[in-house]
Amino acid sequence: MAATKFLNLPDGSKMPVLGLGTWQAKDKGQLEAALNTALELGYRHIDTAYIYENEKIIGDVLKTWLSSGKLKREDLFITTKLPMFGMNPDRVEYFLKKSLENLQMDYVDLYLIHFPIGFKFDMSTGRPVVNDKRQLVPEGKTDHVAIWKKMEEQVDAGRIKTIGLSNYNISQTETILKSARIKPANLQVEMHVYLQQRDLVNFCHKNGITVVAFSPLGAPSYNKVLQAMGRESKILPDILGDSVVNKIANKHSKTPAQIVLRFLIQSGVAAIPKSVTPKRIQENINVFDFSLDDNEFKELSSLEAGEKGRVHDFNMGFDLKDHPDFPI
Ligand SMILES: NC(=O)c1ccc[n+]([C@@H]2O[C@H](COP(=O)([O-])OP(=O)(O)OC[C@H]3O[C@@H](n4cnc5c(N)ncnc54)[C@H](OP(=O)(O)O)[C@@H]3O)[C@@H](O)[C@H]2O)c1
């Protein structure tokens, strides 16, 4: 089974199917080195977000590559995201401009609404509102259609090439599709061999929406994030230790990570594995010199575990599960 190296977006641009994730990568020296390694190895798709607090580091590295002439802006595919505390029609342009300033770019290739729930933000101080436990405070129901109109205006203004959604479910995506003048080009969701999101992917593909898989390796260091937030660790799906994945990896003389990434891109979606380790950065992009046959593909498909396989519950220490916009 073949796998394309790019997904075609509705505006005619092409998204490389293998990108570099950067969540939890904000140590300056480490991220700079990782980005330089990735760019040398041929990565051109970089995924960031305002809330990752690393856009400026990414912007600095890209500026060096662009000003040296080693890369042209059009060679790159840069995604960033409207933060949850920017989920208000009056804040879309404000946060996009902040991201562009950090990235030192005139436009981004893809701007996503990061999450369907909004959090309070105080424009007078320029800071998110926090409660006495220093936690963000959720807003009530969001007007998704009004926010989408503001996203479209930013495409018209030339600050974004394509717009999309992240962590939206089918019905939330449908709401946007019904009213959109510029349809979502992409949906980014958690997706890996244990959480294959088949209904969502089929729905997106039927509607001309490309899909990007986040946490494609199952976010093996997720518990470090929970610990840093003072939350209890959870049992994570051990995708890279899975016996079926390892059996297929041995057969191809590939690593488990390469097998699960190949599975995703052979399924017609893009994947954005995060790594700041040079050897892994290299490993993760070396997925175009082999393919999974029909039997292997079926075996990996059968690892689907549904909700039990989900890593990100997005409860963030609040009781978001009862929020009217909670997507899961
Ligand atoms: N839209 C959203 O809400 C959302 C949510 C989560 C993530 N994302 C995006 O998706 C990206 C990827 O997701 P993720 O970071 O959650 O998880 P992931 O890519 O599934 O896993 C990253 C972890 O795996 C390790 N790793 C990377 N390559 C490996 C390999 N070949 N073998 C073994 N371990 C390896 C990394 O360690 P080292 O870095 O130490 O090498 C890191 O700890 C994020 O970085 C972010 O850009 C988006």
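The residues of the shell around the ligand divide into 13 nonpolar, 13 polar and five charged. In this count Ala, Val, Leu, Ile, Met, Phe, Trp, Tyr, Cys and Pro are nonpolar, Asp, Glu, Lys and Arg are charged, and the others, Gly among them, are polar. The model is predicted: local features need pLDDT of at least 70, side-chain atom pairs count only at pLDDT 80 or more, and totals for chains, interfaces and linings use all residues. Residues are numbered from 1 along each chain as its sequence is written, and side-chain values use heavy atoms, with hydrogens and water left out.

**Ligand**
- Asp47, Ser215, Ser221, Ser275 and Thr277 come nearest among the 31 residues around the ligand (a heavy atom within 4 Å).
- Polar side-chain atoms of Ser215 and Ser221 each lie 2.7 Å from an oxygen atom of the ligand.
- For Leu217, a backbone N or O atom lies 2.8 Å from an oxygen atom of the ligand.
- The protein buries 91% of the 900 Å² that the ligand exposes when taken alone (Shrake-Rupley method, 1.4 Å probe).
- Helix α10 gives the largest share of the shell, three residues (helices are DSSP runs of H or I, at least four residues; strands are runs of E, at least two; both are numbered from the N terminus).

**Sheet**
- Eight strands form an open, parallel sheet in the order β3-β4-β5-β6-β9-β10-β11-β12 (paired strands have at least two DSSP bridges between them).
- At the edges, β3 (20-21) and β12 (270-271) each pair on one side only.
- Strands β4 (residues 45-47) and β5 (residues 77-82) pair over three bridges, and Asp47 has Thr79 in β5 as its bridge partner.

**Lys279**
- Lys279 is found in helix α10, residues 278-285.
- Its relative accessible area is 62%, so Lys279 is exposed (over 50%; buried is under 20%, partly exposed in between; 1.4 Å probe, protein chains only).

Technical notes:
A polar contact is a pair of N or O atoms within 3.5 Å; within protein, one must be able to donate a hydrogen and the other to accept it, and residues adjacent in sequence count only if both atoms are side-chain atoms.
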